[in-house]
Every structure is written in structure tokens, then in C-alpha cells.
Amino acid sequence: SGSSDPYCVVKVDNEVVARTATVWKSLNPFWGEEITLHLPHGFHSLTIYVLDEDAIGQDDVIGKVLLSHQQILAKPQGIDSWLSLAPVNPDQEVQGEIHLELRVPERGHPRVLRCHLIKARDLAPRDPSGTSDPFGRVSCCGHTLETAVIKKTRFPHWDEVLEFELPEGELGEAVLSVEVWDWDVVGKNDFLGRVEFFLDTLCPGPTRGWFQLLPFPSTTEDHGGQLGALRLAVRLLEDTVLPPHHYQPLIQLLTEPILCPAQSPKSTALAVLEEVTSGESRQDVATKLVKIFLGQGLTVPLLDYLTTRELARTTDPNTLFRSNSLASKSMEQFMKVVGLPYLHEVLKPVLNRIFEEKKYVELDPSKMELSRGRRISFKRSLSETQVRESSLELLKGYLGDIVDAIVGSVDRCPLPMRVAFKQLRRRVEERFPLAQHEEVQYFSISGFLFLRFFAPAVLTPKLFRLREQHAEPGTGRTLLLLAK
């Protein structure tokens with residue numbers, strides 16, 4: 001059809017840890033998915049594969065982006081850019097570790113290198129059965145030896161010692177290469193990974209341990225973006241979590257202006273935090289503040305404190321809570337944490353119907369596909385006016401159902417949200433008491449409840465866990481018009 005059905009798979013050291021939704025019939029997919037991974041300290045790489053989902057047969061691999069641990073660590077502020085997709089070569093897709101013991105004698109004649117292949121673990125499956133038939137191949141100084149083949153396993157146990165007689169004199173650039181292969185009855189054997197050692201760097205005593213299997217050095221040319229590119233934002237955070245009592249001084253400092261409001265509002269820790277927080281880190285700070293104050297049972301007083309400070313700085317009621325301030329971000333995060341089950345209860349029935357019906361909706365004449373009017377009328381294609389009228393009628397119907405569901409859900413709205421909005425309304429009324437500003441108290445609430453809660457969930461249900469998959473382009477357009 002000239003398009004793809006792309007999705008992404010995320011691997012850490014070749015272990016699949018996450019998968020995005022499939023975006024149907026698109027060469028320019030938008031996922032917008034944020035994935036948080038808890039990684040082991042010694043991880044080596046993060047790889048994102050882009051695949052094309054097929055209804056019949058195996059999904060096609062389009063390409064991949066590989067980021068090493070070192071590459072991610074080198075950018076403390078995170079990586080946020082377009083990265084070209086690289087082709088996927090089976091010989092590069094290795095995984096697992098091998099347990100070895102190496103012994104190089106310091107002197108003696110002849111000098112014999114002993115390579116003890118003990119076992120391997122988590123090897124890549126190369127056979128249809130989901131296993132492999134691994135054997136080890138060791139090369140040194142022009143000689144090659146192999147272990148026995150262990151059938152149908154990804155965790156072979158060889159326990160074999162292979163010995164090599166070393167040449168006299170200095171070892172120089174001599175290399176010991178240990179490779180693992182999958183034995184096949186028919187056709188060539190499949191590569192499973194390798195590890196190399198320079199003999200002059202090995203200690204005279206035994207060198208023993210688990211070693212990560214690596215691919216052959218890549219000879220792949222840069223395809224210059226021919227396979228496409230992936231926009232990624234990746235950031236590595238390394239946190240050390242201490243016992244709870246270590247955090248008490250910080251919690252006391254943060255909650256002091258809430259519990260002891262007599263203190264000057266400009267000199268509190270929260271006020272200073274708000275002043276020094278940059279726009280790009282405000283979301284993170286707001287998320288952590290909400291979690292801390294939820295744990296203390298003080299989230300509603302926190303929101304009251306932050307919104308009161310913002311009200312004091314606002315002179316034009318039309319700009320109230322329009323910026324991504326700490327108050328706005330904290331209220332947004334609070335609604336997501338407290339109100340997600342409520343959001344599902346209210347919106348899910350209507351959104352499910354929109355996804356199932358797949359009605360064609362379009363109001364912009366420049367975007368109309370009149371031939372698709374056959375979905376509305378099987379008799380003939382419709383005119384622009386007919387498509388617009390039909391679309392308007394559908395949108396009014398969907399929107400009416402959404403508004404009715406929201407308005408009829410007052411009793412189910414979580415109590416903390418209702419208390420927070422009641423406080424907000426009172427504070428706005430105190431700040432703008434004139435009759436001409438009577439509606440501001442309602443706009444301030446709807447700015448949060450609709451613009452930052454219900455509308456984003458209608459626009460991208462997948463990100464609010466309302467749907468398992470992203471909308472197809474037609475349904476996505478309907479959701480966009482409804483959200484607007």
C-alpha cells in the first residue's frame with residue numbers, strides 16, 4: 001500500500017523491556033509514549049527497534065537505534081534529537097555472557113595457554129524451537145579449537161579446557177578470540193557472539209569471570225537516513241535512595257510554609273524552589289513535590305499555597321494559570337495521580353464508541369476526501385457541504401455525550417479534586433472581586449479541568465491508558481476536532 005504499520009521495541013542488553021503501540025498506515029508515525037525503566041547498574045546498551053506489524057507472517061524489521069551506556073552518560077541533560085535508523089544485521093544481534101577461566105604461564109617451555117570454557121547464559125535463540133545448539137570456538141596464534149555441541153539450550157555447560165602452545169619470545173599483539181556459534185545440520189552455522197583478550201594484558205595468574213558476548217565489529221556503512229530516523233528523548237537518572245529518616249529535614253523544610261504560615265512567603269523553601277526552577281525541569285519538580293506532599297497528606301494545602309502565590313503575581317485575569325508555572329504543573333500532576341480512575345469512568349464509554357464506529361469526520365474543505373463520503377452514503381460521493389453537515393452532526397453528538405458524561409459525574413469526582421477546586425475558586429474570587437471579573441473564578445477551574453485534564457485525554461487516549469493502541473488517522477482526526 002506504500003505505507004507501514006510501525007511500532008517500536010525497546011531492549012536493554014538485548015532483553016525486551018517495552019513495546020509501543022502500533023501506528024497504522026503511516027510512514028511518519030507519532031507515538032508520544034514515555035517509558036520509565038529501572039536499569040541494572042552494569043547495563044551496556046539501550047536499543048530501540050522499529051518494526052512493521054504484519055497480519056500474516058513475521059513482522060518486518062525496519063531499523064534500529066543503539067545507544068551505549070557511555071553515550072547516554074556523556075549527556076547528563078539527556079539526548080533529545082533525530083537519530084538515523086541503522087540496518088539490522090543478524091550477526092550484530094548477539095546477547096548473553098560466557099564464563100571463562102584463562103591462564104597464561106609467565107615462563108616455561110613450552111608455554112601453554114589454558115582456556116577453560118565453563119558455561120554460557122542467555123544466548124540468542126537461533127532455531128525455530130526458541131533455543132540454539134551452541135558450541136565454543138577458540139582461536140590463538142593461528143590455531144583454532146572447538147568444544148562439543150550442546151543441543152537445544154541457551155544455557156550451555158561445556159566445562160572443557162582447550163590448550164594452545166604459545167610461540168617463544170614476546171607475545172606482542174597476540175590475541176585470544178573466544179566465539180560462540182549455533183550448530184546447524186543444514187546450511188552455515190549462526191554466530192552467537194564473541195569476546196577477545198590481548199595475551200600480554202592477562203595476569204600471570206588465572207583470569208576468571210563472566211564476560212559479555214559482543215558482535216563482530218560493524219562494517220555497516222552509514223545509510224544517511226535512507227531507512228528513516230527516530231526522534232528520541234533519553235535521560236539517565238542515577239538515584240541513591242536512603243532510609244526515610246534521612247529525608248525528614250528536607251520534608252520539614254518544604255512543609256514549613258504550609259504548617260507554619262506565619263513565615264514570610266518570600267523566604268520559604270517552596271518560594272525559593274519556584275524561583276530557581278527552569279521551565280524544562282518544572283515538570284519533574286512538580287511531580288516530586290506532589291508525591292512528597294501526598295505522602296504527608298498535605299497536597300491540597302500545597303496547591304492552595306502555590307496558586308495563591310501565582311494569583312498575587314497576576315494582574316490580568318485573562319492570563320491566569322496560562323503559563324507552565326510550578327502551580328499549573330503541580331495541579332496538572334495532582335489531577336493525573338488522584339483523578340485517573342475518575343477520568344476512565346467518565347470518558348471511556350464515549351471514546352470506545354468513537355473508536356468502534358470509525359465515522360469519517362472533517363470540517364476543513366482543504367482536508368476533505370469526498371470519495372470517502374461513501375462511508376456516509378453508499379449511493380454516491382457527497383459534496384463538501386454534505387460532508388461538513390454530516391461531520392458537524394457527528395461531532396455535536398459525540399461532544400454532547402462527553403459533556404453530559406462530565407456534567408453528570410459531579411458526585412464521582414474525587415473529593416480531594418473538589419476540595420482543591422473549591423479553594424481555588426475562593427482564592428480567585430478574593431483576588432478579583434469586581435463584578436466584571438465574576439466569570440474568572442470559573443475559567444480558572446475549567447482551565448485545569450478541561451484544558452489540562454479532559455481535553456488531552458480525548459486527544460491522545462493511549463497516553464492516559466484509555467486505549468491500548470493509538471488511534472488510526474481517521475479516528476485521530478475526529479479526536480483532534482473534539483479536543484479543540
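This is a predicted model: local features need pLDDT of at least 70, side-chain atom pairs count only at pLDDT 80 or more; totals for chains, interfaces and linings use all residues.
Local features need pLDDT of at least 70 and side-chain atom pairs count only at pLDDT 80 or more, while totals for chains, interfaces and linings use all residues. Residues are numbered from 1 along each chain as its sequence is written, and side-chain values use heavy atoms, with hydrogens and water left out.

**View 1. Cavities in the model.** The count comes to 3 cavities of 30 Å³ or more. A cavity is a set of points on a 1 Å grid over the protein atoms alone where a 1.4 Å probe fits but cannot get out. Points are joined across faces, edges and corners; a volume is the space filled by probe spheres set on them. The largest cavity holds about 40 Å³.

**View 2. Lining of the largest cavity.** Ile354, Lys358, Lys359, Val361, Tyr398, Gly474, Thr475 and Thr478 line it. Lining residues have an atom within 4 Å of a point. By class, 3 are nonpolar, 3 polar and 2 charged; Tyr counts as nonpolar and Gly as polar. Helix α10 (residues 473-483) gives the most, 3 residues. Helices are DSSP runs of H or I, at least four residues.

**View 3. An open four-stranded sheet.** The order is β9-β8-β11-β12, with antiparallel pairing. Strands are DSSP runs of E, at least two residues, and two pair if DSSP finds at least two bridges between them. β9 (143-146) and β12 (190-198) are the edges; each has a single partner strand, so one side of each lacks a neighbour in the sheet.

**View 4. The β8-β9 pair.** Strand β8 (residues 134-140) runs antiparallel to β9, joined by 4 bridges. Cys140 stands opposite His143 in β9.

Terms used. On a 1 Å grid over the protein atoms alone, a cavity is a set of points where a 1.4 Å probe fits but cannot get out, and a pocket is an open set with protein on both sides within 12 Å along at least five of seven lines; lining residues have an atom within 4 Å of a point.
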